[in-house]
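Open the structure in your viewer and keep the selection tool ready. The tour goes from stop to stop, saying what to select and what is there.

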Amino acid sequence: MQGDARGCELAYKMIAERDNAKYSFARESRLLIVAKARVWASEGWQVVITDQDGKAYAPPEFDQLSAA
């Protein structure tokens with residue numbers, strides 16, 4: 001998993017794909033990564049969030065991360 005500027009591993013990773021483009025973001029905060037993922041998904045991107053345990057969440061499952 002990627003680290004931030006301080007060298008800490010980030011807990012949540014988001015991957016967004018559309019057409020031939022692919023973007024990846026990592027954050028410590030699940031609330032921030034869910035908010036970003038919802039915006040990208042609403043704009044037509046295929047979005048998946050992966051948590052620190054490697055579990056993947058698709059847009060219908062984002063509420064599970066928000067409530068955790």
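**Stop 1: a charged pair**

A search of the whole structure, which is a predicted model, turns up one salt bridge. Which residues form the salt bridge? Select Arg 38 and Asp 63: their closest N and O atoms are 2.5 Å apart. Arg 38 belongs to helix α1 (residues 30-42) and Asp 63 to helix α2 (residues 62-67), so the pair ties together parts that lie 25 residues apart in sequence. Side chains of opposite charge can pair when their charged atoms come close.

Is Asp 63 buried or exposed? With a relative accessibility of 53%, Asp 63 counts as exposed, because the cut-off for that class is over 50%. Arg 38 has a relative accessibility of 37% and so counts as partly exposed.

**Stop 2: the hairpin**

Next select residues 12-18, which are strand β1, and residues 21-27, which are strand β2. These two strands pair in the antiparallel sense, over seven bridges.

Then move to the turn. The hairpin of β1 and β2 has two residues between the strands. Select Asp 19 here: its phi is positive, near 50°.

**Stop 3: a loop glycine**

Where is Gly 54? Select it in the loop between β3 (46-50) and β4 (56-57). Gly 54 has a relative accessibility of 53%, so it counts as exposed.

**Stop 4: the whole chain**

Clear the selection and color the model by secondary structure. How many helices and strands does the protein chain have? There are two helices and four strands, and along the sequence they follow the pattern β-β-α-β-β-α.

Switch to the surface of the whole chain. The accessible surface comes to about 4,500 Å², and carbon and sulfur atoms account for 49% of it. Of the 68 residues in the protein chain, 26% are buried.

Last, show the contacts. Among contacts in the protein chain with a separation of 6 or more, 39% are between residues 24 or more positions apart. To end, go back to Arg 38 and Asp 63, the salt bridge from the opening stop.

Conventions. Residues are numbered from 1 along each chain as its sequence is written. This is a predicted model: local features need pLDDT of at least 70, side-chain atom pairs count only at pLDDT 80 or more; totals for chains, interfaces and linings use all residues. Side-chain values use heavy atoms; hydrogens and water are left out. A salt bridge is a side-chain nitrogen of Lys or Arg within 4 Å of a carboxyl oxygen of Asp or Glu. Buried means under 20% relative accessible area, exposed over 50%, partly exposed in between (1.4 Å probe, protein chains only). Contact means heavy atoms within 4.5 Å. Accessible areas come from the Shrake-Rupley method with a 1.4 Å probe; for residues, only the protein chains shown count as cover. Two strands pair if DSSP finds at least two bridges between them.
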